Structure formats: structure tokens, C-alpha cells
Amino acid sequence: MTEFPQNLSLILQTLDIALAAFVIYRLSLLINGALAVRILASLSLLLIFSMAARLAGLHTVHLLLKAVIASSFVALVVIFQTDIRLAFATMNRGRQGKEREVEEVDSIIEELATAAESLAGRQIGALIVIERSMSIDNFIAVGTDIDAKVTSELISSIFLPYSPIHDGAVIIQKGKLTRAGCFLPLTQNPDISKNLGTRHRAAIGLTELVDAVVLVVSEETGSISLVVGGHKSDDLDSITLRKVLRKLIEPRWLS
Ligand SMILES: Nc1ncnc2c1ncn2[C@@H]1O[C@H](COP(=O)(O)OP(=O)(O)OP(=O)(O)O)[C@@H](O)[C@H]1O
């Protein structure tokens, strides 16, 4: 009658030692193989064994595994110190990159708003297209390639009446002023007032086809409008203009 528990105890002890040997063997493999996947797989295996050992009452194995798992985390930091340092550096660069993108958007918006206000003050008409997620390339005709930094001085000088490229629209793509003197498709919407001129019709026409934002300065009234999705917001004051532009333009569309 006492033979059965004795045998069971022997089996468990053998199993205990065999598992401990297996753990050591796995660890030696781990030291040779430096792949992170391999280490993670081995750690997962250790965790499973540790739980199984605890459930089966294999105390030596369980204690050994517990100690191995605990020290593994320290070992992982040492082994992967270069990768960890690189990961932190990348994270930091990502945050700094995002901050830089936001600063870039703010500065472009400031240049656009300053140019619009300066032109509006002198009642010089202007049409500025800001591309967002949809490409506008298939909808704009002719124009002169420029590829320059967006500055209020450049925009203002393009629209001055004696400039050879003052007719048509200026295009902003990925944070750059890419073209000037471009012609846009006019809206065909019959509900639009017959009194609305072609500059505003062009802004509405393009934004009916793509998600671009169009900034219009009226030569006739000196008012500033923003057009998105075929809808026009008129008479924008300085603060509203900047606020709406910030809402409409996301950093990812400018870089
Ligand atoms: N299809 C077009 N694409 C781009 N620009 C255009 C287009 N049609 C007209 N324009 C621009 O609009 C100017 C004419 O504006 P027009 O007076 O007809 O329009 P408007 O909407 O009444 O504007 P404003 O209030 O400035 O007078 C043209 O000189 C040209 O620069």
C-alpha cells in the first residue's frame, strides 16, 4: 500500500531534476543565440514551465525557474542595451519630429495668413490652393513650376498685378509652393449665384473634386474666404482665418 506514494515521489523527483536540466540546457542555447525572438520564446516557455511546476508541486524546478525568470529581465536589459538605447533615441526623435512638424505648419499658416491680409489690404485678388490628402495634379492646368519655401513675400509678389504669373492660382503641396498661374476647374453647380466671379467659382470647382483647401482674396471687396468641399466661408478676420486654417491643415499633409 505504501509503495504507490513512494514510486510517485521518485517519479516526481526524477521529473524535477529532468526539468531543471532542461531549463539549464535551454538557457545555454539562449546564451549562444542572440535573437530577441528566441529569447522571448524561451522566456515564455520558462513561464509556462514555472506555472506547470508549481501546479505539479515540483518545488525545486519552480524555485529554479522563478529565480531564472527574475534574473532574465536584468540579463535582457544588459544583452539588449544597445537596442534599448536605440529604441529610446527613436522615440525621442519621433517626439521631436512631431514638434518640428507642428512648428512648420504654424509657420506656413502664418505666412499664408500674412500674405492674404497684406493682399486684401491692397485689394489685390489671390487664389491659393493647399493640397491635403488627395492629389490635385490631375485637376490643375498650365502654371509655372516654382518649388520654393512658402513665404508671405513670395505669395504677395506673385499676385502683384505686374507679375507675369499673377493670373490663376498658387499651389501649396507638401509644405512647398510648387506652382503659380494655375487654372482650376470651374464649378458647374447651377445653384451658385450668377454674380459670383470666376476666381471664386474656380475655388469651389476644385474643392468639389478634391479635399484641398482654397484661400481666396477678393480683388473687388478685399475680403478673405476659405473654400472646402465646395463650401465658402467669407469675410474671415485675422484670428478666425488662422484658427480655421489650423483646424483644416494637419502636419502630415505638409511634410
Ligand atoms: N479657372 C480659373 N482658375 C484659376 N484662376 C482663375 C480662374 N478663372 C479666373 N481666375 C482668376 O480670377 C481672376 C478673375 O476674377 P473674377 O473677377 O472673375 O472673379 P471674382 O470671383 O469676382 O473675384 P474678385 O472678387 O477677386 O473680383 C482672373 O484674373 C484669374 O486670376
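Modeller: Let me begin with confidence: pLDDT is the predictor's confidence in each residue, on a scale from 0 to 100. This is a predicted model, in which local features need pLDDT of at least 70 and side-chain atom pairs count only at pLDDT 80 or more, while totals for chains, interfaces and linings use all residues. Residues are numbered from 1 along each chain as its sequence is written.

Colleague: Over which residues does pLDDT stay under 50, and how many contacts beyond four places in sequence does the model have there?

Modeller: That stretch is residues 30–34, with 4 such contacts, a contact being two residues whose C-beta atoms, placed from the backbone, lie within 7 Å. The protein chain as a whole averages a pLDDT of 85, and 85% of the residues score at least 70. For the complex, the predictor gives an ipTM of 0.96 and a pTM of 0.68.

Colleague: What makes up the secondary structure of the protein chain?

Modeller: There are 7 helices and 7 strands, where helices (H or I, at least four residues) and strands (E, at least two) are DSSP runs numbered from the N terminus. Along the sequence they follow the pattern α-α-α-α-β-β-α-β-β-α-β-β-β-α.

Colleague: How do you know that the buried residues of H5 line one face of the helix?

Modeller: The buried residues of helix H5 (residues 152–159) are Ile155, Ser156, Ile158 and Phe159. Seen down the axis of H5, they fall within an arc of 160°, so they line one face; the arc is that of the directions from the helix axis to the C-beta atoms.

Colleague: Which residues come nearest to the ligand?

Modeller: Of the 17 residues around the ligand, Gly197, Arg199, Ala202, Ser218 and Glu219 come nearest, a residue being near if its C-beta atom, placed from the backbone, lies within 6 Å of the molecule. Helix H6 (residues 198–209) contributes the largest share of this shell, 4 residues.

Terms used: A residue is buried if 20 or more other C-beta atoms lie within 10 Å of its own, exposed if 12 or fewer, and partly exposed in between; C-beta atoms are placed from the backbone.
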